Amino acid sequence: MSRRSSDVVEAKTLRWVCKRVYEAVQMDDQYDFDAVVIGAGFAGLYALYKLRDELNMRVRVYETGDGVGGTWYWNRYPGARCDSESYYYCYSFSPELAQEWEWSGRYPEQPEIERYLNHVADRFDLRPDIQLSTRVTAATFDDATNRWEISTDRGETVTARFLVTAVGCLSAPNVPDIAGLDRFEGEVYFTAKWPREGVDLTGKRVALIGTGSSGIQATPPIAAQAEQLTVFQRTPNFSLPARHGVFLAEHQASIKSNYDDIFAATRTSFAGFPFSPIDRATMSVSEEEREEILEELWAYGGFKFLWGGFSDLLIDPEANEIASEFIRSKIRETVEDADTAELLCPKGYPYGAKRPPIDTDYYDAFNRDNVTLVDISANPIEAITPTGLRTALVEYQFDAIVFATGFDAMTGSLLRIDMRGSDGVRLADKWQDGPRTLLGLQVAGFPNLFTITGPGSPSVLMNMPVAIEFHVDWIAACLEYMREHNWTRIEATEEAQDAWVEHVAEVGSHSLFVRANSWYVGANIPGKPRVVMPYAGGQPTYRERCNAVRDAGYEGFEFGADVRDEAVPAR
Ligand code: NAP
C-alpha cells in the first residue's frame, strides 16, 4: 500500500472512530439526565418547566398516558368536573398564562382542564421533553454514582441525578377483588380509566358501584342515558350542590384584575383556597340564625359550606352534627321515596371526615323511574356473574358495569413502581407499616428522590395546584443550593424523618379523619395500614416548617458529593 493510500485509510479510520465516539457520547447524552420526572399532570408539567427553563437542567418526563393531563387525562367519565373553582384551580407561576386563559365557568369540566393543561404544554414548549405512552416500571439508586437508574415498560433504561415523582395522589385505580370479574360478558368500565373515545350507554342496563365523588358525579349523566341504572352503595356520602354557572365577561374581568391578590391569598390560607374562614362558632348564634346561614351556604354551593358559615364544623362534634343533620334534611327533602332518602343519609361518621363530594343533581337522580339504589353495606357484592352480579340476597342482570371504586390513594402510584434506594432497599418494605417521609418531600434511604405532594404533606387536603407549586419551588430552590455547593447527593436523615412522621401522626390523630373509613387513612384498600396519610396541620404551619428547614441550610437533610469529587466535603 502506498504511503498516500495508507494515509487515506488512517484518515478514514480516524473519522470512523470519531464518529463512533461522537455517537457514543450522543447515546450517553440521550440516556443521561439531570432529572427524570414521572408524570405529566399538573405537577409534572410545572416541574419540567421549572427545572428545564429556570434551572437549565436536562429533564425527561415519562407519562403513561398518550396525552398530558394526569388526573385530567384519565378521569374522563361522564360528569367529571373539578370540585374547586376554576379561577384558582390553576397555575399561578405565570401571570401571562393567568391573564390569557379564559375559564368558561365556576367548576370546569374534565375536557376544559385537559385543554388547559395541553395549552400549558404548548405555551411553554414542554412536549419535546415528555415521552408519552411510557410507564416507569422500576427505579434504582446507585450509591457509587449518586444517580438513579430508571427503567420503563418500553425496555429503555436511563439514568438521572434526580428522580422527581409527579405521579398524583389519586392515580392508582382500586380494582376491587370481586370474584368472577373476568367472566362478565358485558362491558366493564372504570371511572378512573374511562375510554378516550367515550361510551354510549343508551338503552343499556347499567350497574354503578361506588358512591364517592366519582360515582356521585357520574350518576346523573349515566341515568340520563342508560335504560336503567342501579347504584350500589356501601357507604352514603354527604354531597353538597356545586351550583355550577358560566362566567360572565365582567366576572372574568374582575378575576383577572385581582389575580395577584387571589393567588397571594391561596398561599396563606389554611387549605390553599383564596378565602379566609369566618370566625364564628355554631353555638354563638340562635337556632333561627343558624338555619338561615346554613340555607344561604346551601344555596351558594360548593366547599364554602365547610368554612364560610361557621369555624368549628371540623372541630366541634356538636357543631358538626348540626351541619350533618342539615345536609340529611336536604336529602330527605329532595328524594321522594322515603326509604331511598334514608339509605342516602350518611350516619355514623361526621361530615368532612371523608372527602366531601359536591354534585349537580345527584340526589334528584334517584327520583327518576330508571334509577334504583341498592344498599350493599350489610350484603356486599359476592360475585360478578357472566350476565351481571350477585349479592347474598339478589342476582342482577346488566349490560355494563361501571366501577367508581376509587384509588389506592397517596402511596399506590409510588409503590406500583419497583423503587429501590440506597443499598437496594425497597420502598415497599420501608413503607410496609405506612408511608414515612420528611415533609412529604423525601424519603430516608432514597437519596435524590423528591416526591411532589407525597404522603406527609398537606397535598389532598389542599387546593392541589397550590400544593404542587409550593413543592416544585421548594425542590428547585434545594437543587440550586446543591449546585452552589457542588453537592450531588441529598437525603433525609432517619432522625428528622422519624420526628416528622410522629408529628404528622399526632396532628392526624386529633383530626376528624380518624373517624371514618376513607382513602385518607387507607381504609378503602384491604390490608393497607391505617394511617392518616396527608398532613392535617394546614398550609400555613406546613409552609413555615418547610421554609424554616430551607433557611437553616436544609436542616434534617444530609448532602454529599460524588465519590470521585473529593474536593467537595460531605455535610
Ligand atoms: P372514593 O371516594 O374512594 O369512593 C369509592 C367508592 O367505591 C366508595 O363509595 C366505596 O365505598 C366504594 N367501593 C370501593 N370498593 C368497593 C367494593 N369492593 N364494593 C363496593 N363498593 C366499593 O373514590 P372516588 O369517588 O373516585 O373519589 C376519590 C377522590 O378523588 C375524591 O375523594 C376526590 O378527592 C377526588 N375526586 C375529585 C373529583 C372532583 O374534583 N370533582 C371528582 C372525583 C374524584 P366505601 O365508602 O364504603 O369505601
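**View A. Arg123 and Glu100 form a salt bridge, with their closest N and O atoms 2.7 Å apart.** A salt bridge is defined as a side-chain nitrogen of Lys or Arg within 4 Å of a carboxyl oxygen of Asp or Glu. The pair links distant parts of the chain, as Arg123 belongs to helix 5 (residues 110-123) and Glu100 to helix 4 (residues 95-100), 23 residues apart. Helices (H or I, at least four residues) and strands (E, at least two) are DSSP runs, numbered from the N terminus. Arg123 is partly exposed, with a relative accessible area of 32%, and Glu100 is partly exposed at 41%. Buried denotes under 20% relative accessible area, exposed over 50%, and partly exposed the range in between (1.4 Å probe, protein chains only). The model is predicted: local features need pLDDT of at least 70 and side-chain atom pairs count only at pLDDT 80 or more, while totals for chains, interfaces and linings use all residues. Residues are numbered from 1 along each chain as its sequence is written, and side-chain values use heavy atoms, with hydrogens and water left out.

**View B. Arg489 forms a salt bridge with Asp143, the closest N and O atoms lying 3.0 Å apart.** This pair also links distant parts of the chain: Arg489 is in strand 19 (residues 489-492), and Asp143 is in the loop between strand 4 (136-142) and strand 5, 346 residues apart. Arg489 counts as buried at 18% relative accessibility, whereas Asp143 is partly exposed at 28%. Elsewhere, salt bridges with shared partners join Glu321, Glu325, Arg328, Arg332, Glu342 and Lys347 into one network. The whole structure contains 31 salt bridges.

**View C. Asp53 and Arg52 form a salt bridge, with 2.6 Å between the closest N and O atoms.** Asp53 is partly exposed, with a relative accessible area of 37%. Arg52 counts as buried, at 16% relative accessibility.

**View D. Arg147, in strand 5 (residues 147-152), is buried yet has no salt bridge.** The nearest side chain of opposite charge, Asp32, is 4.3 Å away; Lys and Arg count as positive and Asp and Glu as negative, while His and the chain ends are not counted. The side chains of Arg147 and Thr159 are joined by a polar contact of 3.4 Å. A polar contact is a pair of N or O atoms within 3.5 Å; within protein, one must be able to donate a hydrogen and the other to accept it, and residues adjacent in sequence count only if both atoms are side-chain atoms.

**View E. Strand 6 (residues 157-165) is largely enclosed by the rest of the structure, because eight of its nine residues are buried.** Two strands pair if DSSP finds at least two bridges between them. Strand 6 runs parallel to strand 1 (residues 32-38), with six bridges, and Thr165 of strand 6 is the bridge partner of Ile38. Three bridges join strand 6 to strand 18 (residues 449-451), also in parallel; here Thr165 partners Thr451. Strand 5 pairs with strand 6 in the antiparallel sense over four bridges, including the one between Ile150 and Val158. These two strands form a hairpin with four residues between them, and Gly155 in the turn has a positive phi of about 85°.
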